[in-house]
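Subject: Structure handed over, with notes

Hello,

Here is the structure to go with your reading. Please open it first and then go through the notes below.

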Amino acid sequence: MIKLVQNEMLKLVRKKKLLVIALIIGVLVSLFTYAQFKIVERTVERLGEVDWRTTLQQQIIDTQNRLTSSRISDEWRSQLQLRIQQQQYYLDQDINPMEPGAPTFMRMFAENSINLFIPLMVMVVAADLVSSERSAGTVKLLLTRPVKRWKILMSKYISLVLSVSFIVAIFGVLSYLISGIVFGYGGWKAPVITGFTVEGGELNTAGVHLIPQWQYLFMVFGLVWFVALVVGTLTFMLSVLMRSTAAGMGVMLAALIAGAILNNMVASWESAKYLFMINLKITDYLAGNTPPIEGMTLGFSLVVLAAWGLAALAVSFSVFTRQDVY
């Protein structure tokens, strides 16, 4: 099995996919770092050199002004009201929610990338693990070896798990190193408030507690890795089911984009909470953001994603071990 995994990893290295993904992440981190720097610069120009409390108070005022508009939907109005309550809680507790530093940038970037950007990077690796070998005919050579089919597929899946881990790790490392050049490398021990919950449209702070930012980042990246693995497993299944790599990537890309759109539109469609793409942004539960559908919790989303992943894995092995290869 170890030699099979080594063989699969060598294939990935030779295709230079992991290197390309690392370059893409590096470029996008640089762009977002610059964009964040310009936001800070513009805030200083508008308000002058002020402390974080003044900036946060101004954000609350701006959000309250937006609430006076009659054009925003009830769902978005509710989210804005909850955001004001959270920001006010940070003010009351005298805690800066945007402590300057690379760790804060890492946290923000991971939270905003979990449902689309990182899954897309994983999809690039997973989409052709099996389908490319079927279309090229090299899978026949693998199957002629005195190795059971399930072991061949398991070696490919293990290589996917290792690739997902590499992608998440390089995402974190590059986010820290590049953003630290602009924002500094401090802030690991900055306090972060977590434990916000939403009940009946109201913010519940009963379970709120303080943790250091390094611990919060550990939880965030753990959730990012889990989501990336589930998306990778689903793409892996499509690679087994479809001979065309492009078709598999198209199906998964459509699902991810649909999920990003539906997240803002499914508040009244309760059964949509069982779709995997509605449950991808699970870091929102740590931040206390409003779930797409009332009643959804972190535990519920983890179970739904795990069920989708296990089902995809079962289908992959069932089909691969039984299908005719020609």
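The structure holds 12 aromatic pairs, where rings of Phe, Tyr and Trp (its six-membered ring) pair if their centres lie within 6.5 Å, and planes under 30 degrees apart count as stacked, over 60 as edge-to-face and the rest as tilted. One of them joins Tyr 176 and Trp 188, a tilted pair with 5.2 Å from centre to centre and 45 degrees between the planes. Tyr 176 lies in helix α9 (residues 149–183) and Trp 188 in the loop between α9 and β1, so the pair ties together parts that are 12 residues apart in sequence. Helices (H or I, at least four residues) and strands (E, at least two) are DSSP runs, numbered from the N terminus.

This is a predicted model: local features need pLDDT of at least 70, side-chain atom pairs count only at pLDDT 80 or more, and totals for chains, interfaces and linings use all residues. Residues are numbered from 1 along each chain as its sequence is written, and side-chain values use heavy atoms, with hydrogens and water left out.

Trp 188 has 33% relative accessibility and counts as partly exposed; buried means under 20% relative accessible area, exposed over 50%, and partly exposed in between (1.4 Å probe, protein chains only). Phe 166, found in helix α9, is also partly exposed, at 34%.

One aromatic cluster is formed by Phe 32, Phe 105, Phe 109, Phe 117, Phe 171, Phe 183 and Phe 221. Elsewhere, Lys 273 lies over the face of Phe 300, at 5.4 Å from the ring centre (the rule is NZ of Lys or CZ of Arg within 6 Å of the ring centre and within 35 degrees of the ring normal).

How far does helix α10 reach from its first C-alpha to its last? Helix α10 (residues 213–241) has 29 residues and reaches 42 Å, close to the 42 Å expected at 1.5 Å a residue; the expected span is 1.5 Å times one less than the number of residues. Of those 29 residues, 21 are buried, so α10 is largely enclosed by the rest of the structure.

Regards
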